[in-house]
Amino acid sequence: MHTELREKHEIYDYLRHSKKFPVMWCAGCGIGIVLGAIIRAIDRMGLDRDRVAMVSGIGCTGRMPVYVDFNTMHTTHGRALAFATGLKLARPDMYVLVVMGDGDALAIGGNHFIHAARRNMDLTAIVVNNNIYGMTGGQYSPTTPLHMRATTAPYGNIEPPFPLCELAKAAGASFVARSTVYHATELDRLIEQAIARRGFSVVEAVSYCHTTYGRLNRLGAAVDMMRWLKENSVTLAQAEKMSPEERETKIVRGILLDREGPGYVDLYDEIIRQAKAAENG
Amino acid sequence: MTAQFMQGNTACAEGALVAGCRFFAGYPITPSSEIAEILSYRLPALGGKFIQMEDEIASLAAVIGASVGGMKAMTATSGPGFSLMQENIGYAAMTEIPCVIVNVQRTGPSTGLPTSPAQGDVMQSRWGTHGDHPIIVLSPSSVMETFRLTVTAFNFSEKYRTPVILLMDEVVAHMREKVDLPAPEQVEVVDRIQTNVPPEWYFPYEETASDVPPLVSFGQGFRYHITGLFHDVRGFPTERLDEIQPWLKRVFAKINNNLSDILMYEEEDTRGARTVVLAYGSTARSARHAVRLARARRHKAGFCKLLTIWPFPEEAVERLAHTAKRIVVPEMNLGQLALEVERVAGRHKVRRVNRADGEMITPQQILEAIEG
């Protein structure tokens, strides 16, 4: 109880109370849980909030930065990682967090996503995956599962979804992890590790959209969808004991990739050092 | 500095460095690539940064991000890339983040003639992004002017918190001329206005006497919000008319109240001229030559070169139209800036000289229009 109160206070302390409440998300949405996890991670790490930037694109998740007391930037659809790249290179001392939805990160921003990963750009990407375009009313996204319905897939989706974490791993990220909005404290621990890692780190926060996706596919209300996340996700250790077929049906949680090594910023600093040395010598 | 033989794209890169540019993000495209190549080599030694992005959309996004981080930043492209940048030009205008976009024009539409000059992006540079927004567009006609106007582009972007477009063309970019660049300490360099209030009193979009609010970089303790949505003085999204309308009024006022600073043009022999040739970019070179040929043949011809094309210098054109019987507007497109001249001078006074096939307009073509 005591811990709970303290945590509530911590989150309160990081919010902007001057104007922008209540939040614009639907009651029961998982995005607020992801925001809470980010705040807990930052608070636990003791980061100076002047040195924290939160950059977003467009969509429900794109509205996250406005509520928090960091350096915040709500950019254009899909381009958050590119804006964040410029900011990080100008201010390498800052922790630059990029929050995106699945459509933002993988459809319109898919190119920026794979190239930020390929460059191993020193950013923390947190993708809230709710399998749908929520803000525009429930159109299918690059992570909508096969056969599921959306307002633009009235006969069922025939496009195979992108496996976000596999994509990040293959493209060159240095840290890739996944959890769900049911596992809120696990999520904040993963985000903490992602922020600490040099290079490009990705955390997939599996969420849901009961307002559109849940309604169109008769998956129940927010609580039902939350329960589904609880019952259909497994830890990495549990997944390893499963047959490949069984594993396919589960959301695997945990750190999927963690490799040490320099990020882009370190490598460019070396170029600056060499260029200056050449100039002087 | 001693005289050098220099290419237009090199002069652009040199001008950017003198102006304080320390960040460049771009994507390779003819005929602008030399600017990126030079800056990739020069920036690191100055502690600056260069990055080749995955496309032009990302390039301008990174430039804006770096500018928010406090670096003067630039990108360079050509028509096809410029089209991709329109989305974030609108973002820079909406969020009032200084940045410089160089567009070395080539013949379009689409892939067009990648190595041939054109002036087909005059209207795109003004209205390419969606929605009403202020913008400044400068167009050089020589290598030296490219150096000068690149510095001016940075100065305007910092002074007025606005994206500035340097509209070059392939001829100016690839032409080599003798230039005598000034020593860096002799060049006037303007930096964005800083605030002297504590963070809790800082409003990144407040109304000020100059209509340009101070801009504090991220990471300096001010922790404010930037959004492409309409926003209030603190930067928070708004749908309130009493917050949207003052914003619109202010961002146009910051340009329109400073036209005497922003509008640059040069006149030769326009006093008493019966015919004035009005040109910009590399076409101004042919136009000036044509006017001299015409005057040698005792025609009362004058020449006006626009360095600022947006905002359009309508008072200057109005004045010229008041005394001249005819205004000849040569441009390497099928009539874009001529539309503005016609709006101000009246259609009957304007004679257009156009081509959009990748070839320059010759002095002879313009001379025919003066004499015809």
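Two strands count as paired if DSSP finds at least two bridges between them. By that criterion β7(A) and strand β10 (residues 251–258) of chain A pair in the antiparallel sense, over 4 bridges. Helices (H or I, at least four residues) and strands (E, at least two) are DSSP runs, numbered from the N terminus. This is a predicted model, in which local features need pLDDT of at least 70, side-chain atom pairs count only at pLDDT 80 or more, and totals for chains, interfaces and linings use all residues. Residues are numbered from 1 along each chain as its sequence is written, while chains are lettered from A and ligands numbered from 1 in the order in which they are written.

**Strand β7 of chain A**

- Strand β7 (residues 175–180) of chain A is mostly covered, with 6 of its 6 residues buried; buried is defined as 20 or more other C-beta atoms within 10 Å of the residue's own, exposed as 12 or fewer, and partly exposed as in between, with C-beta atoms placed from the backbone.
- In a regular strand the side chains alternate between the two faces of the sheet.
- Both faces of β7(A) are covered: Phe175(A), Ala177(A) and Ser179(A) are buried on one side, and Val176(A), Arg178(A) and Thr180(A) are buried on the other.
- Strand β8 (residues 201–206) of chain A runs parallel to β7(A), and 6 bridges join the two.
- Ala177(A) stands opposite Val203(A) in β8(A), and its bridge partner in β10(A) is Ile255(A).
- A right-handed β-α-β unit is made by β7(A), helix α7 (residues 184–196) of chain A and β8(A); right-handed is used when, with the strands pointing away from the viewer, the path from the first strand over the helix to the second runs clockwise.

**Contact between the chains**

- In all, 38 residues of chain B are in contact with 37 residues of chain A, contact being defined as C-beta atoms, placed from the backbone, that lie within 7 Å.
- On the side of chain B that touches chain A, β2 (21–26), β3 (49–52), α3 (56–68), α4 (79–95) and β10 (225–227) of chain B each supply at least two residues.
- The most comes from α3(B), with 9 residues.
- By class, this side of chain B has 22 nonpolar, 10 polar and 6 charged residues; Ala, Val, Leu, Ile, Met, Phe, Trp, Tyr, Cys and Pro count as nonpolar, Asp, Glu, Lys and Arg as charged, and the others, Gly among them, as polar.
- Strand β2 (residues 71–74) of chain A and β10(B) run parallel and are joined by 3 bridges.
- Met73(A) stands opposite Ile226(B) in β10(B).

**Open sheet of chain B**

- An open sheet of 5 strands has the order β11-β13-β12-β15-β16 (chain B), with mixed pairing.
- β11 (265–268) and β16 (350–354) of chain B are at the edges with a single partner strand each, so one side of each has no neighbour in the sheet.
- Strands β12 (residues 275–279) and β15 (residues 326–331) of chain B run parallel, joined by 3 bridges.
- Val277(B) stands opposite Val328(B) in β15(B).

**Domains of chain B**

- The domain assignment, automatic or from a database, gives domain 1 (4–186) and domain 2 (267–371) of chain B.
- The C-alpha centres of these two domains of chain B lie 26 Å apart.
- 22 residues of domain 1 of chain B are in contact with 20 residues of domain 2 of chain B.
- The largest share of the domain 1 side that touches domain 2, 4 residues, comes from α5(B).

Definitions and conventions. Two residues are in contact if their C-beta atoms, placed from the backbone, lie within 7 Å.
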